[in-house]
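I opened my notebook to look around a structure that is new to me. Here is what I looked up, entry by entry.

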Amino acid sequence: MASTAVGRGVAVLFGIAALMAAGEVLADVKIGAVLSVTGPASFLGDPEKKTLEMYAADMNAKGGVSGQPIKLVIYDDGSDPNQARTFAIRLVEEDRVDALLAGSTTATTMPIIALAEENQIPLINFAGAVQAVFPVKKWNFKTPHTDLMACEKIFEDLKKRSLTKVALISGADAFGKSMRDQCMTITAKYGIEVLHEETYQPRDSDMTAQLTNIKGKAGVQAVINPGFGQGPAIVTRNYRQLGITVPLYHGHGIGTKQFIELATPAAAEGVRLPAAALLVADKLPPDDPQRQVVVEYTQTYERKTGQPVSTFGGHMYDGFMILIEAMQRVKSFDKAKVRDEIEKTRGFIGTGGVVNMSPTDHLGLDLTAFRMLEIKNGDWTLVQ
Amino acid sequence: MTEFLQFLFSGLTVGAIYALVAVGFTLIYSSSDVINFAQGEFVMIGGMATYVLAAAGVPLPIASLLAVVIAVAVGLLLHRLAIEPARDASAVTLIIITIGASILLRGVAGVAIDKNFHSLPPFLGAEPWLVGGAAILPQSVIVLFGAGIIVLLLWLFMSRTLYGKATLATAANRMAARLVGIDTSRVVMLSFAISAAIGAVGGILVTPIVLTSYDVGTLLALKGFAAAMLGGIGNPVGAIAGGLLLGLLEAFGAGYVSSSYKDAIAFMLILAVLFALPQGLFGRSTIERV
């Protein structure tokens with residue numbers, strides 16, 4: 001009995017030794033990720049991590065990148081920028097990764113950008129704010145739409161409906177503040193006049209006081225709510241509670257089906273928001289260039305995780321594919337060559353839109369990446 | 001006038017929520033001098049457990065009842081596994097233990113359920129009632145009445161039952177209570193169970209308004225604690241008064257001054273009150289015995 005146990009132990013040891021030896025010969029491509037899998041931003045990091053693991057395993061099953069298997073090193077920063085920096089340093093110095101897919105929030109991303117720049121490692125990040133990609137840094141790329149684009153899309157729609165006098169009610173969190181500031185920079189460009197501004201704390205449970213002031217302001221033709229989390233859902237409920245009739249616009253941060261549930265379909269009726277095509281995968285016209293990609297990603301994600309798809313996991317899909325395709329094109333894992341090749345990405349169709357990178361644009365998305373949606377009968381509909 | 005009424009309703013809605021959470025703090029504090037920072041997690045368990053059970057097909061009233069039972073079980077476990085073994089430690093140590101328990105419960109809920117926001121259907125529909133041109137949700141009225149009923153029951157328990165009197169005796173002087181034959185450890189256990197039930201009931205009542213998630217307890221507990229301090233911690237009537245006052249301060253601050261500074265306005269006024277009345281509005285002044 002004892003001897004067989006020892007025998008098994010020895011066999012296992014040999015097995016491990018053989019695996020280690022094999023690993024050394026193969027020289028896999030190492031991709032490092034620092035994501036906010038837990039903590040307040042876990043709704044970003046969690047689908048990102050699942051997507052990355054899912055597609056890396058898939059790629060390895062198909063033979064890896066240029067014949068080399070992908071080895072992932074994923075750290076969870078707990079939504080803490082200090083942790084994110086520490087883990088990014090570890091990825092660079094100890095794990096010696098070939099590329100970084102890192103940073104779920106703007107706060108966790110900013111230190112990683114500086115680090116990638118210093119160590120000359122290609123980085124694709126998943127932060128929302130515009131400063132995570134402008135001004136352009138040599139080694140840094142980004143896949144999610146910026147809040148500036150969301151504002152532009154909303155203002156475009158307002159102009160089409162000849163609504164120019166608006167009120168803002170924004171969340172006092174980083175996302176809400178950043179989007180509000182971006183909106184304010186382009187009001188003149190679109191001829192939009194902001195008549196009144198209110199804010200709310202991210203965890204507030206009642207916004208009727210702020211909305212009463214907006215309701216009382218004469219001449220307001222539309223209300224914009226830059227924010228994410230449950231705040232916009234409560235704003236929407238209170239909006240209907242007070243019987244405000246002018247159109248309500250939300251930012252792109254509420255892009256989940258759950259929002260309609262939380263806000264209740266009755267209150268959410270007629271609410272508009274800019275969102276990625278992923279959210280309305282099944283409603284895209286058959287000739288839409290993104291249709292195939294978003295439908296496939298949605299099906300794969302929902303089948304493997306059993307959870308509804310979110311735009312955030314889609315950003316990881318885009319980043320991972322852009323990186324892998326660049327590596328495959330240059331047939332090398334050389335950091336400088338891969339970086340140059342990422343910059344040459346043209347016509348890549350991702351879940352976020354059609355990506356055309358250039359030396360002056362490391363995001364590569366234009367306004368067509370956003371669709372204007374309206375909530376009707378408890379579901380998204382595309383605004384033509 | 002309509003505006004004033006609307007701010008008033010907004011304040012009462014938020015205030016009733018804070019009051020309901022604040023009441024939960026009073027019982028454990030008065031029986032053991034411990035401020036239970038896991039009180040917010042009882043609120044979370046009430047809302048989340050009801051949501052999960054309702055989503056699994058259990059009818060809402062039964063789901064609510066089961067959620068309260070779950071919260072009481074968690075409260076008893078918390079007492080048995082964390083508070084009771086450290087019963088000879090100082091109140092500060094016990095408070096730190098409750099902070100640890102709160103982090104643990106939050107983490108477990110996040111992993112075991114999920115990290116999304118959830119809601120429950122309002123008990124009397126979502127159509128607002130119009131009073132003088134201002135709109136109030138029926139659920140806000142339910143929360144307000146719920147807080148009142150809980151305080152009434154708590155008062156009856158304290159003044160009319162033997163266990164309640166034992167709790168009061170333990171609160172007044174633990175050593176003396178033990179000397180007259182009161183099992184003080186049992187009293188503290190009971191107060192944990194009742195506080196958990198109060199928290200869970202509160203969580204169920206407020207979820208249709210504030211929504212719930214695994215970490216909803218943190219902020220509610222903070223605001224509830226502030227309300228309890230303002231009203232005089234340990235006094236259920238004070239908790240209600242403190243909660244309503246805090247809610248009204250926030251709503252009128254947001255409405256008439258600035259929504260960006262509403263929390264600052266509210267907390268500055270709380271500080272001012274506590275400078276003048278360190279025991280809170282309804283607190284009893286304690287006398288150090290030598």
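**Ground rules.** I am reading a predicted model, in which local features need pLDDT of at least 70 and side-chain atom pairs count only at pLDDT 80 or more, while totals for chains, interfaces and linings use all residues. Residues are numbered from 1 along each chain as its sequence is written, and chains are lettered from A and ligands numbered from 1 in the order in which they are written.

**Domains of chain A.** I looked up the domain assignment and found domain 1 (27-145 + 294-365) and domain 2 (148-282 + 370-382); such bounds come from an automatic or database domain assignment. Their C-alpha centres lie 29 Å apart. I then checked where they meet: 16 residues of domain 1 of chain A are in contact with 17 residues of domain 2 of chain A. Contact here means that the C-beta atoms of two residues, placed from the backbone, lie within 7 Å. On the domain 1 side, α4 (106-119), α12 (291-305) and α13 (311-330) of chain A each supply at least two residues, and α12(A) gives the most, with three residues. Helices (H or I, at least four residues) and strands (E, at least two) are DSSP runs, numbered from the N terminus.

**A helix in chain A.** Next I followed helix α5 (residues 147-160) of chain A, which has 14 residues and reaches 20 Å from its first C-alpha to its last. That is close to the 20 Å expected at 1.5 Å a residue, where the expected span is 1.5 Å times one less than the number of residues. Is α5(A) mostly covered or open? I found it mostly covered, with 10 of its 14 residues buried, among them M149(A), I154(A), F155(A) and L158(A). A residue is buried if 20 or more other C-beta atoms lie within 10 Å of its own, exposed if 12 or fewer, and partly exposed in between, with C-beta atoms placed from the backbone. After α5(A) comes S162(A), whose phi is positive, near 50 degrees.

**Strands of chain A.** Strand β6 (residues 165-171) and strand β8 (residues 222-225) of chain A run parallel, joined by three bridges; two strands pair if DSSP finds at least two bridges between them. I noted that A167(A) has V223(A) in β8(A) as its bridge partner.

**Where the chains meet.** How many residues of chain A are in contact with chain B? I read 26 residues of chain A against 26 residues of chain B. On the chain A side, α8(A) brings the largest share, six residues.

**The core.** The largest nonpolar core has 197 residues, and A19(B) and A71(B) have the most contacts inside it. Such a core is a set of buried Ala, Val, Leu, Ile, Met, Phe, Trp, Tyr and Cys residues joined through C-beta atoms within 7 Å. Its largest share, 17 residues, comes from helix α1 (residues 2-32) of chain B.

**One leucine.** Last, I visited L94(B), in helix α4 (residues 91-112) of chain B. Why does L94(B) count as buried? Because 20 other C-beta atoms lie within 10 Å. Leaving aside neighbours within four places in sequence, L94(B) is in contact with V34(B), I83(B), A86(B) and A89(B).
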